[in-house]
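Here are my notes on the model, written as numbered points. Please read them with the structure open beside you.

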Amino acid sequence: MSKTERFNVVVHADKKTYQPGVPVPIGTKDGISREDADNIRANFGDWTGGPDAAPSGAPSTADIDDLRVRLDSVTKERDALTADKDRLTAENARLEGEATQLATDNSTLAEHVATLQSQVEKLTAPK
């Protein structure tokens, strides 16, 4: 075992005070006994790294920064795609309006062609 240990609580040893996380000498005149160390651990648990320590398997600060950069990139891409979708939706509505108008115009032209063909047949029919 190591000759120092860290604890989750303040440890008072002789005339010294050790804050949580500060290595406490074990078995020396400035430290605490092995029994005291075992008692502290039994009552307060093993050293967890303090409130700012990342739990095991948690991402590092660099990982979090990388994720933020990737999130910003994906957010910008999403915004661009949303703008494209809005533009294409508006263009589609315009094209549908034009298609409806063209269908109406085509029907009108077909009626005129039918009328003209009828007149041509009357004019070219044998007398």
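**Notes on the predicted model**

1. The protein exposes about 10300 Å², of which carbon and sulfur atoms supply 56%; such areas come from the Shrake-Rupley method with a 1.4 Å probe, and for residues only the protein chains shown count as cover. This is a predicted model, in which local features need pLDDT of at least 70 and side-chain atom pairs count only at pLDDT 80 or more, while totals for chains, interfaces and linings use all residues. Residues are numbered from 1 along each chain as its sequence is written, and side-chain values use heavy atoms, with hydrogens and water left out.

2. Along its principal axes, the C-alpha trace of the protein spans about 135 × 20 × 20 Å.

3. From the N terminus on, the elements run β-β-β-β-α-α, where helices (H or I, at least four residues) and strands (E, at least two) are DSSP runs, numbered from the N terminus.

4. Buried residues make up 11% of the 127 residues in the protein, buried meaning under 20% relative accessible area (1.4 Å probe, protein chains only).

5. Leaving aside its neighbours within four places in sequence, isoleucine 32 is in contact (heavy atoms within 4.5 Å) with residues including Phe7, His12, Pro25, Gly27 and Ile40.

Key
Buried means under 20% relative accessible area, exposed over 50%, partly exposed in between (1.4 Å probe, protein chains only).
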